[in-house]
Amino acid sequence: MASIFFTFSGSFGIAAACLLVAAAADGIDGYVARKTSSGPLGAHIDSLVDAVSFGVAPAILIYCMSGELISVLFVCFYVICGIYRLARYNAFPPQTPVYSGIPITAACVFLAVMTIFYLEASAAFEIPFSNVLIYIILFILSLLMVSTAPYPKIMKKFIFILLIILFSGTIISVFVSGLIIFPGILFLLMLFYLLSPLAGLIWKKDSVRL
């Protein structure tokens, strides 16, 4: 909700940072749920929250940044695919250590980091905003969410620690200039994760273990 409010006020960088905070909270929530005896209610609440935090909020952010009415088609398609992805996960929980299709959380993080990285880079190098590129990325992310492409679950502790550092640095970079390296590195890592099913095919493995 904070991300949506900042988006409407034109503070796109802060809005994107709020999405990263939401993603971090989602990871902590999952860790706590696994360590405690949680009932079925928590899983349903989690999916409803994910639909807003990682579906609706980034869609509104991209719509307001684009400033074009046609973007409604792409952001609505993203939200629809994200909700379908969440419903499919609840109806058919994965029995393997991989996700079927990219998680909506990862798709949102990619959009948020891309937004922050663009805002930082455009301020330094005056890079123009490309609506067409954003629409293509939204369309690809939407298809990946409803696909059956295998995406690895991040299980290794050192990767969690690295992500915490990069998330923190990226959020701070919104308020402190000169820290573009954090969103840059995180963007490259998210791009690698996005393409990880292709790496699995090349290496003739089911997935890339993280």
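Accessible areas here come from the Shrake-Rupley method with a 1.4 Å probe; for residues, only the protein chains shown count as cover. By that method, the accessible surface of the protein comes to about 11600 Å². Carbon and sulfur atoms hold 75% of that surface. This is a predicted model: local features need pLDDT of at least 70, side-chain atom pairs count only at pLDDT 80 or more, and totals for chains, interfaces and linings use all residues. Residues are numbered from 1 along each chain as its sequence is written, and side-chain values use heavy atoms, with hydrogens and water left out.

**Overall form**
- The C-alpha trace spans about 45 × 35 × 35 Å along its principal axes.
- Of the 210 residues, 43% are buried (under 20% relative accessible area, 1.4 Å probe, protein chains only).
- Take contacts (heavy atoms within 4.5 Å) between residues at least 6 apart in sequence: 76% join residues at least 24 apart.

**Secondary structure**
- The protein has 8 helices and 2 strands, which are DSSP runs numbered from the N terminus (helices: H or I, at least four residues; strands: E, at least two).
- From the N terminus, the order is α-α-α-α-β-α-α-β-α-α.

**Helix 7**
- Helix 7 covers residues 157-173, 17 residues in total.
- Its first and last C-alpha atoms lie 24 Å apart, close to the expected 24 Å (1.5 Å times one less than its number of residues).
- Its buried residues include Ile 159, Leu 163, Leu 166, Phe 167 and Thr 170.
- An α-helix has 3.6 residues a turn, so residues three or four places apart point the same way.

Technical notes
Buried means under 20% relative accessible area, exposed over 50%, partly exposed in between (1.4 Å probe, protein chains only).
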